[in-house]
Amino acid sequence: ERTGNVSAGTSVFAMIVLEKALSKVHPEIDMVTTPTGKPVAMVHSNNCTSDLNAWIELFHEFTQVLGVDVNQSRLFEVLYKQALTGDADADAGGLLAYNYFSGEHITHLEEGRPLFVRTPESHFTLANFMRVHLFSALGALKIGLDILFVQEQVKIDQILGHGGFFKTKEVGQKIMAAAMNVPVSV
């Protein structure tokens with residue numbers, strides 16, 4: 001109880017072991033149980049890193065056009081780490097990204113429509129660009145988790161994270177911890 005796990009990659013889901021049953025049915029949350037019968041709330045989002053991966057691939061293509069051979073894993077690491085640098089604003093510089101590569105049941109979007117938006121006044125930097133895309137990858141998940149944490153007053157003490165979102169040391173872990181407001185171990 002008060003623990004769970006989050007798997008973050010192409011899609012993302014969090015499974016939270018509950019202390020008690022939820023007060024009502026929420027269509028955004030699937031209920032399952034542990035092998036010992038404890039209730040588990042599962043929040044699943046179809047979208048996590050697909051749009052982010054597409055942007056990384058664009059940067060990879062750019063390095064190839066320049067004639068620079070950069071290993072794709074290294075490119076992920078360098079770009080992900082930008083989101084945590086001092087150059088990144090807490091609000092990602094006013095940038096806005098919707099990572100809906102596919103439809104999303106939590107927000108009732110039937111088809112994918114990835115979107116990146118900024119105003120002329122936005123602080124458009126690489127650090128903010130990466131920060132907004134990493135947080136956007138967790139946006140729909142956060143909406144479902146807020147149902148648990150705010151409406152249902154579910155409390156958790158820690159989460160175990162796994163999946164591609166966590167491959168770059170500390171970055172996905174810190175972003176997920178900020179989105180869930182709980183320590184995340186990998």
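Asn181 counts as exposed, at 71% relative accessibility. In this predicted model, Asn181 sits in the loop between H5 and S8, and its phi is near 55°, a positive value in a residue other than glycine. Helix H3, by contrast, is largely enclosed by the rest of the structure, because nine of its 11 residues are buried.

**Loop residues**

- Gln153 is not a glycine, yet it has a positive phi of about 55°.
- Gln153 belongs to the loop between H4 and S7, where it is partly exposed with a relative accessible area of 47%.
- His26 lies in the loop between strand S2 (12-17) and strand S3 (29-33).
- His26 has a relative accessibility of 6%; the cut-off for buried is under 20%, so His26 counts as buried.
- The side chains of His26 and Glu152 are joined by a polar contact of 2.6 Å.
- With neighbours within four places in sequence left aside, His26 is in contact with Ile147, Gln151 and Glu152.

- Strand S1 (residues 3-8) pairs with S7 in the parallel sense over five bridges, and the bridge partner of Gly4 in S7 is Ile159.
- Strand S8 (residues 184-185) also pairs with S7 in the parallel sense, over two bridges.
- Leu160 has Ser185 as its bridge partner in S8.
- A right-handed β-α-β unit is made by S7, H5 and S8.

**Helix H3**

- Helix H3 covers residues 126-136.
- Its buried residues are Ala127, Asn128, Phe129, Met130, Arg131, Val132, His133, Leu134 and Ser136.
- Helices that cover the buried residues of H3 include H1 (50-65), H2 (72-82), H4 (139-151) and H5 (171-180).
- Strands S5 (96-98) and S6 (115-117) are also among the elements that cover the buried residues of H3.

**Aromatic pairs**

- The whole structure holds nine aromatic pairs.
- One of them joins Phe116 and Phe129 edge-to-face, at 5.1 Å centre to centre and 70° between the planes.
- Phe116 lies in strand S6 and Phe129 in helix H3, so this pair ties together parts that are 13 residues apart in sequence.
- Phe116 is partly exposed, with a relative accessible area of 22%, whereas Phe129 counts as buried at 6% relative accessibility.
- Both residues belong to one aromatic cluster, made up of Trp55, Phe59, Phe116, Phe124 and Phe129.

**Nonpolar core**

- Nonpolar side chains tend to be buried together in soluble globular proteins.
- The largest nonpolar core here has 46 residues, of which Leu141, Leu148, Phe165, Met176 and Met180 touch the most other members.
- Two or more residues of this core come from each of S1, S2, strand S4 (39-45), H1, H2, H3, H4 and H5.
- Not counting residues up to four places away in sequence, Leu141 touches Val6, Val12, Phe13, Ala14, Val43, Ser45 and Met176.

Conventions
Residues numbered from 1 in each chain as written. Predicted model: local features only at pLDDT ≥ 70, side-chain atom pairs only at ≥ 80, totals over all residues. Heavy atoms only, no water. Buried < 20%, exposed > 50% of the residue type's maximum accessible area, 1.4 Å probe, protein only. Helix = DSSP H or I, 4+ residues; strand = E, 2+ residues; numbered from the N terminus. Contact = heavy atoms within 4.5 Å. Pairing = 2+ DSSP bridges. Right-handed = clockwise from strand over helix to strand, strands pointing away. Polar contact = N/O pair within 3.5 Å; in protein donor to acceptor, adjacent residues only side chain to side chain. Core = buried A, V, L, I, M, F, W, Y, C linked by side-chain atoms within 4.5 Å. Phe/Tyr/Trp six-rings, centres within 6.5 Å; stacked < 30°, edge-to-face > 60°.
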